[in-house]
Amino acid sequence: MINEQKSAQTNEELFVHAYKTTFQKVATFIKKMGGTFEEAKDIFQDSLVIYYEKRIIPGRAVQDSESNYITGIAKHLWYKKYREDKPLRSLNILPELSLEEDEPKISENILRFVERSGKKCLELLQCFYYDKLSMKDIAERFGFSGERSATTQKYKCIEKIRDAVKERSLTKEDFYV
């Protein structure tokens with residue numbers, strides 16, 4: 001009888017200590033993951049029960065600190081709950097996606113600036129952005145000494161276009177329809 005009473009007292013102390021040292025940590029994690037305070041309380045309670053069951057089984061001593069162990073259980077339970085609660089949607093009910101509709105359309109303005117940068121810049125940028133040629137291929141095609149030289153020339157072309165845009169005080173919105 002004395003052992004049962006002592007055990008109950010130590011269990012109560014265990015739970016009180018766990019609440020004081022670990023609940024805030026678990027609640028912060030749950031909140032950070034988009035959960036509510038009520039969900040944090042439920043998860044913490046379940047974690048505490050699992051921890052208690054592990055603790056009373058002989059030969060299954062918890063190697064980690066009490067707080068870290070309970071927090072680990074809580075995280076595991078949260079991820080499990082998140083996976084189970086996540087609604088599954090059929091691919092058939094999803095609206096048809098069109099990549100063309102999501103891409104902003106570039107206005108004629110940007111093309112005019114690229115054309116004004118010069119024929120060589122226009123061709124170089126076209127090879128890089130539209131034809132997707134490597135800098136090595138661009139260097140060979142335009143007679144540059146190497147990839148580094150081609151990269152520098154491409155940079156100069158882009159700067160030429162940027163300077164022209166800045167002179168006219170245009171913004172990004174002026175180039176999209």
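Modeller: The model is predicted. Start with the largest nonpolar core. It has 17 residues, and Ile30, Ile43, Phe44 and Ile70 touch the most other members. H1 gives the most, with seven residues.

Look at phenylalanine 44. Leaving aside neighbours within four places in sequence, Phe44 is in contact with Ala18, Tyr19, Thr22, Phe23, Val26 and Ile70. A second, separate core holds 16 residues, including Met135, Ala139, Phe142 and Phe144.

Now serine 67, which sits in helix H3. Its relative accessible area is 16%, under the 20% cut-off, so serine 67 counts as buried. Not counting residues up to four places away in sequence, serine 67 touches Thr21, Thr22 and Lys25. Thr22 is also among the contacts of phenylalanine 44.

Last, the helix pair. Helix H7 (residues 135–142) packs with helix H8 (residues 147–167) at an angle of about 85 degrees, and their axes are 8 Å apart. That angle falls in the 65 to 115 range, so H7 and H8 are roughly perpendicular to each other. From H7 come Met135, Lys136, Ile138 and Ala139; they meet Glu147, Ala150, Thr151 and Lys154 in H8. By type, the residues of this contact are four nonpolar, one polar and three charged. Met135 and Ala139 also belong to the second core.

Key. Residues numbered from 1 in each chain as written. Predicted model: local features only at pLDDT ≥ 70, side-chain atom pairs only at ≥ 80, totals over all residues. Heavy atoms only, no water. Core = buried A, V, L, I, M, F, W, Y, C linked by side-chain atoms within 4.5 Å. Buried < 20%, exposed > 50% of the residue type's maximum accessible area, 1.4 Å probe, protein only. Helix = DSSP H or I, 4+ residues; strand = E, 2+ residues; numbered from the N terminus. Contact = heavy atoms within 4.5 Å. Axes fitted to C-alpha atoms, helices over the stretch in contact; angles between N-to-C directions. Parallel < 35°, antiparallel > 145°, perpendicular 65-115°, else oblique. Nonpolar A, V, L, I, M, F, W, Y, C, P; charged D, E, K, R; others polar.
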